[in-house]
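Biologist: Hi, could you walk me through this one? I'd like to start with the strands and then get to the helices.

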Amino acid sequence: MKEQREGIVEDIWRVFSSMKLGLVLLGLVALVAGVGTVFPQVNLDPEKAKEVGRIWQTLGFTQIYSTIWFRLLMGLLCINLIVCSIQRFQGIYNRTFALKPPESISTVPNKVKAKLRGEGEPLKISVQDVLQRRGFKVTTTEGDKGWSFIAIKKRLGNWGSLISHISFVVLVIGAIMGTTMGFKGFFMISAGTTIPINSINVSRGTVKQDFSVHIYSAEDRFLADGERDNWYTDMGIIENGQEIIRQTISVNHPLTYKGVTFYQTNFANGVRLTADIKDHKIPVVLQDRGGNYFQAPGTELYLIVAAIKSDPQKPIIQYQVYKGKSVQPVQTGQVSVGQTIDVQGEYKLTLEGNAGFTGLQVKQDPGVIVVWLGCALLLLGLLLSFYWRTMVVLGVFESGQGTDGELTMGAMAGKVAGGVQEEFDRLIHDIQAK
Amino acid sequence: MDQGLQNLETSSFYVMLMAYTLCMIFYWIWIGTKNVLMGRFATYLTITGIIANTAAIFLRMIIAGRPPLSNSYEFLLTFVWGIIFVYLFIEYRYKLRSLGAFVMPVAFLILMFIIMSMGPEERIAQAIPPALKSKWLTFHVVTAMFSYGAFAISFGLGIMYLLKISEEGKGKKSSPQGIISRFPALDMIDELSYKVIGFAFPLLTLCIITGAIWANYAWGTYWSWDPKETWSLITWIIYAAYLHARLMYGWKGKRAAWMTVFGFAAVLFTFFGVNYFLPGLHSYAISQPNIIA
């Protein structure tokens, strides 16, 4: 029974240590990822995703990257990469740190090969000297018929493949940390407003922090040539009644506090108004194009700003007032800065000036740092694999008559023979010149 | 001043177009006639083309006051530059002029695409949305330029390999007068193609990583499965599969050559296909000046 169980474990291990499985899984990931670009995805285009046939939605084609089977595919690929890496670790270690000189000529690589004749001892000194001068670490050993050596250069290159494979697992761990820990949310508020961070709309996770954000100003700045410069938000972080940080953020220049990052992602024009209801003055900030509304207390009147001409000197708004659930507005008109109008005899409304609305994406993602670590490892692994290729030179000297004999030398660079020939030829030339 | 520079940029573009078109024709004539002078003309015209191409890029940079990497036209200009730069290096280093006959049509077709599908208003310097004002964009596009350029070269080598092997497969020994006789040995084409991909693959990885860093700064999301991101990953997977299949299973020669062709098809789809058929976050890549973030 125990043997049977061990047999099953071995079989599973064998399956997962197969490079073929890895390639098939990679191919499937590419295929599924490609299908996901044809179907509108909920995270990118929720409206279009809803228009896709119900069957496709049920099968998960509109949120393909978060389906269980896509995650399973990634999980299997990770297991495959881990098993392959464990399997290959010993071999790479031996090829890097436990190199043994060849015992016979038959183990000298065939593709890049040369034979040198000469006296045993002086030839050995020449070989060692030339190789060490060219940055090789040389190991020699004496045998019955003569001596042999093995030399290695740029040995870290051997680890490139392992590092880049492991990096993929690190990336997946980072992504999992990002989706299971932390949160992602968004808020859009006007200048002059304070919002507790735990009251914002979140699309993922829950906000555990309890500080507040105050928006001092939100601006849509333009350059002298009329080109948009950037959106700027002057914001402060308030904790326990005290302002901890005050900073201006813009697109591509976020602010991070206690692991929570604020990204400038949106902006809308707005205006400051004062509603005077029976001598009770209420400040109101409304967003352009009906982004929000004001319901005067004690009434069924809803006020929106349909359009804003946000001239810094003389802003003008186009307003609409709706009553109850009416589809048609009961009052419309224009108001310029400083002007006061009467709304349905219920209250007075004065336009005070412009006010920007800033849209901030808020995110806490403890996995990001792990993702960057994975990216760094991936890049390091690839650089070692392709730009820092290990070169191994080895040879066997067999004595003939007297002290003379023949040295058979060969070279290899990882699994590739190409490109080694030139350097090998230079080595042979130097050895012969000695 | 700006109008003068604008005119100069337009002139550089047309000089470049003429030079690349003529060099393509001269490479074809050279490969067919073996006339040394024709070959030299082809190379000189390519050098003229890349000088004009560089001038067009620099002038655009001066006019726009930013790296010229923010819309389809600007990226295609740099993409062509990347192809020609890598090609000239290969021609110089490996004395492989015949490759020009297969690489230049790629550059020519990209330029034709600009001429046919982009009006003058799309080619002039435009205002860019705040999201594109990032130094990471420069790294992102520069790495794309070199890696895509190198993949175009591996595509040319793949086509050469497939033509040569198909000719030899028919039992014909390449005649010393034949076009195929201009091609280097099959092993050399195959090995060179691998080297070029070995150079480009880490750059493509860097391109994807710098894109992720930039997206994280701009939108707070390093990966959103946007179609362009996804297709760049698919391209990456195709070349990763090529490298694994080659190193582990000895997939060389014909199968490897076909993979370089598929890989480059994915590169082109990542750019053209995604921009024009599957718009997503990268929608600004199509010249639309008013799209924000």
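Predicted model: local features only at pLDDT ≥ 70, side-chain atom pairs only at ≥ 80, totals over all residues.

Biologist: Good. How many bridges join strand 7 of chain A to strand 8 of chain A?

Modeller: There are 10 bridges between strand 7 (residues 212-222) and strand 8 (residues 228-239) of chain A, and the two run antiparallel.

Biologist: Which residue of strand 8 of chain A stands opposite A:F222?

Modeller: That's A:R228.

Biologist: And what order do the strands of that sheet come in?

Modeller: The order is 5-7-8-9 in chain A, an open sheet of four strands with antiparallel pairing. At the edges sit strand 5 (194-196) and strand 9 (242-250) of chain A, each of which pairs on one side only. From one strand to the next, the twist averages 25°.

Biologist: Okay, another sheet. What about the one with the order 13-14-15-16 in chain A?

Modeller: This one is an open sheet of four strands too, again with antiparallel pairing. Strand 13 (294-295) and strand 16 (331-336) of chain A are its edges; each has a single partner strand, so one side of each has no neighbour in the sheet.

Biologist: How many bridges are there between strand 14 and strand 15 of chain A?

Modeller: Eight bridges, with strand 14 (residues 301-309) and strand 15 (residues 316-323) of chain A pairing in the antiparallel sense. Within that pairing, A:K309 has A:I316 of strand 15 as its bridge partner.

Biologist: Now strand 20 of chain A. Which residue there is opposite A:G118?

Modeller: A:G405 is the one opposite A:G118. Strand 1 (residues 113-119) and strand 20 (residues 404-412) of chain A are joined by seven bridges and run antiparallel. Strand 20 of chain A also pairs with strand 19 (residues 391-399) of chain A, antiparallel over eight bridges, and there A:E398 stands opposite A:E406.

Biologist: How many residues lie between strand 19 and strand 20 of chain A?

Modeller: Four, and the two strands form a hairpin. A:G402, in the turn, has a positive phi of about 70°.

Biologist: Switching to helices. At what angle do helix 2 of chain A and helix 8 of chain B pack?

Modeller: About 160°, with the axes of helix 2 (residues 19-38) of chain A and helix 8 (residues 227-249) of chain B 9 Å apart. Because angles over 145 degrees count as roughly antiparallel, that is how these two helices are described. Their crossing is left-handed.

Biologist: Who makes the contact?

Modeller: From helix 2 of chain A, the residues include A:L23, A:L26 and A:V29, and from helix 8 of chain B they include B:W231, B:I234 and B:I237.

Note on methods. Residues numbered from 1 in each chain as written. Chains lettered and ligands numbered in written order. Heavy atoms only, no water. Pairing = 2+ DSSP bridges. Axes fitted to C-alpha atoms, helices over the stretch in contact; angles between N-to-C directions. Parallel < 35°, antiparallel > 145°, perpendicular 65-115°, else oblique. Left-handed = near helix turned anticlockwise from the far one by under 90°. Contact = heavy atoms within 4.5 Å.
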